[in-house]
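User: Here is a model I would like to understand piece by piece. Please start with the terms you rely on.

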Amino acid sequence: MSSGNSEYSQPSTNIITDESSDSESTVKTKAAYSFMENREKYKVIVDGVDCTPDNIVDNDFVTMQDTFTHAALDSRPRARSEVALKEAKSRTKSALDTGMKVYATTISLDDIYIDHTLNTEEGFTSDELDLDIAPSAFYLPKMNPITSYPPEITITLKETETYFLFELPTTSYEKGTSEATLVEEENEFYQYITVGKGKNRKMVTEETQSKECVSQTRHTLATRPQKKNAISFASMWDMHDTYARLARVKAEEKPDEMVMYQSAAPTLLRKKIDKYDPSDERRGKNFDEIYNTPQFLDAILLTERVLSTLNYDKEQKTFRGLVKIDPLSLDLIYIYSMKPLWTLECPEAENRPITSITFNPKNNDILAVGHGKFTYAEKFTGLICVWCTKNPCKPERLYNFHDPLTSVAFADINPNWLACGFSNGDVLILDVISYPIKIIAKSKRDTNPCFEPIWTTSWRTSDNENQFVMTTCQDGRINRFTSTKTHDFICSPMMRISTVEGKMKGIEAPRQCQKEDVPITRHPAALCMKWHPNVDHIYFVGTDEGCIHKCSTHYLNQHMDVFRAHSGPVYGMEFSPFMDTLLVTCGADSAVRLWMEGIDDVILTMNCPTAVYDVAFCPVNSTVIICVSGNVLSIWDLRRKNHMPCAEYTFPGQVVLTYIKFSPSGDNVFVGDTLGRVHTFHLEDTPIAPFYQKKLLDETIKKALCTRPLILKQLEKLEKFREKFGK
């Protein structure tokens, strides 16, 4: 075909028809006619190349036409013998294949080909199904069991080379010769080490490992046991009736044994037999018998926790964090408000100053409060109250002592152990599971040299996972108490703080009186102690002369470093949870100071109205610090302002706040005072905590040091050094 100047050339295509197939198809009947057979008569040849497309359906695959057979023909596949396969290959077209495509209802018997060599049983699948056995989801080929063996096993035995593992030849020599003398000496030595005194020698048992030899062991082939699923249900009433029926079973009577004692009275010749009275079990127990049992007290404790939630429903939801504040709200204001939740107080602890509070490491809802005396002139006895935040109405444990408490601390490995320090220097471990006082271990005067108040108790774990207690005392002693298997509480002195003379790092101390150059005491009191967050053997101790000593358990009776942090006693210190090298301290000079490990000068100073007794970092916001001074609670946010607190709250009455602690969630604050009360607040209306907490804290510190370029330069060098050589 051509149109205009364009020309289209079509390649030569020839369609060849197989005449032999056409002639053969005329012989076939109309019922055997197939479209595929008609298609095979044509071939497509392009430029002398056979381009006839292949069939989409493989000839070996069973087509739909093969399945439409007459009832007289068996369409189930069977295995054919080798003779039949050879005959089928020799034929161009078998009568069986022709018969498989017949659509007529009448078939001539001449068109049916039957192979008499065909095994009719081979490949036959039974139609009978076992209805009791559920069919499998997949049909996998049949495999022989693993434990099946062939009918014949051929074993070939060959002789190998003989190896002598041990050989002791028998020799005999004429007496008097040199060989006979050696044999006699060997016999005498053998007699000495087997029968004589040599058998009592020290011996070491040695073992040798022989080559691995794979050997076959005899075993028993057994069928796999049948399994089935079973279910049963028992209600609470069924279990109650079962236990009640077992309780009514008569106890077995013990035999009446005769015990003969020559020195015993005639009335004691027989053992006492426990008399069994079935009426006692039916009668039950009265209140006098059960009111003091631990089971009854535990039941009352759980009941009180449930009932207390009725009075503190909204407060508990706020405390648990169930009431969330929308961070995208348009009416958010940052005023750092303290919402009161509840106050932990009881008549037994009224007007008793709180000296220490500790939280259980395994259950943060449980806290132990130690009551003692705040000033030396006060006279109070010791009291420990164990509270649970689920029941703010009543303490769950009360322990009274003759001497005032000065410090308490829960153990990490054994959370039911409570280490207690007293004003007379005693240290003991208390088990808070028991309702009455149960002492696990107590210090003894023959090993404990302290007779003054124990200001700090801290648990530590040694290399062999054994816990010990570290204490700081008023006389400057730092002791280590270890509990032995015999329940002895052994005291080991670690070091004793000495008065520092001369010029020190840190702040400048006020001038001392020149008339009295001899100090009253050579050992200042160790008022607080904190362990290094990264190095296990390093700890910091704050003294009443305003110095902080850096000590180590590897160096006894000497400190590693010392600097002056305050011009008065150091009451508390805390490491930042986001920056391990940042330390905050508080003291009697009405100041809160920030220190960086590796820098001698103070980083930041925050002034308060009176002496600061405790300080704490917020665990969820790196720039928030809270402290207590007198009856004022101050909240500081370093990224907003550091010259004055962001919020202050004054407590009414003649009260001094002695303790402050954040909950692990960071939203709740616990405050203890000298009237024996623990106030619980919820911190609200604070800025949203950033994602990069450490980066924000670092930028805030550098911003505060913008007017001190030398300190800022030291800080940058310190950061580069730690990035290069690690912490």
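Analyst: Two strands pair if DSSP finds at least two bridges between them; strands (E, at least two residues) and helices (H or I, at least four) are DSSP runs numbered from the N terminus. This is a predicted model, in which local features need pLDDT of at least 70 and side-chain atom pairs count only at pLDDT 80 or more, while totals for chains, interfaces and linings use all residues. Residues are numbered from 1 along each chain as its sequence is written, and side-chain values use heavy atoms, leaving out hydrogens and water.

User: How many bridges join β17 to β18?

Analyst: Strand β17 covers residues 477-483 and runs antiparallel to β18.

User: What is the average twist in the open sheet with the order β15-β16-β17-β18?

Analyst: The four strands of this sheet pair in an antiparallel way. At its edges, β15 (454-461) and β18 (489-496) each pair on one side only. With angles taken from 0 to 180 degrees between N-to-C directions of lines fitted to C-alpha atoms, the twist from one strand to the next averages 25 degrees.

User: Which residue in β13 stands opposite Leu 418?

Analyst: Strands β12 (residues 417-422) and β13 (residues 427-431) run antiparallel and are joined by five bridges. Across from Leu 418, the residue in β13 is Leu 430.

User: Which helix gives the most to the lining of the largest cavity?

Analyst: A cavity is a set of points on a 1 Å grid over the protein atoms alone where a 1.4 Å probe fits but cannot get out, and lining residues have an atom within 4 Å of a point. The largest one is lined by Leu 594, Leu 604, Leu 638, Asn 642, Thr 700, Ile 701 and Ala 704. Five of the lining residues are nonpolar, two polar and none charged. Three residues come from the helix that gives the most, α12 (residues 693-704).

User: Why are α12 and α13 described as roughly antiparallel?

Analyst: Helix α13 spans residues 709-725, and its axis lies 10 Å from that of α12. Angles over 145 degrees count as roughly antiparallel. The two helices are therefore roughly antiparallel, because they pack at an angle of about 150 degrees.

Methods:
1 Å grid on protein atoms, 1.4 Å probe; cavity = no way out; pocket = protein on both sides within 12 Å on 5 of 7 lines; lining within 4 Å. Nonpolar A, V, L, I, M, F, W, Y, C, P; charged D, E, K, R; others polar. Parallel < 35°, antiparallel > 145°, perpendicular 65-115°, else oblique.
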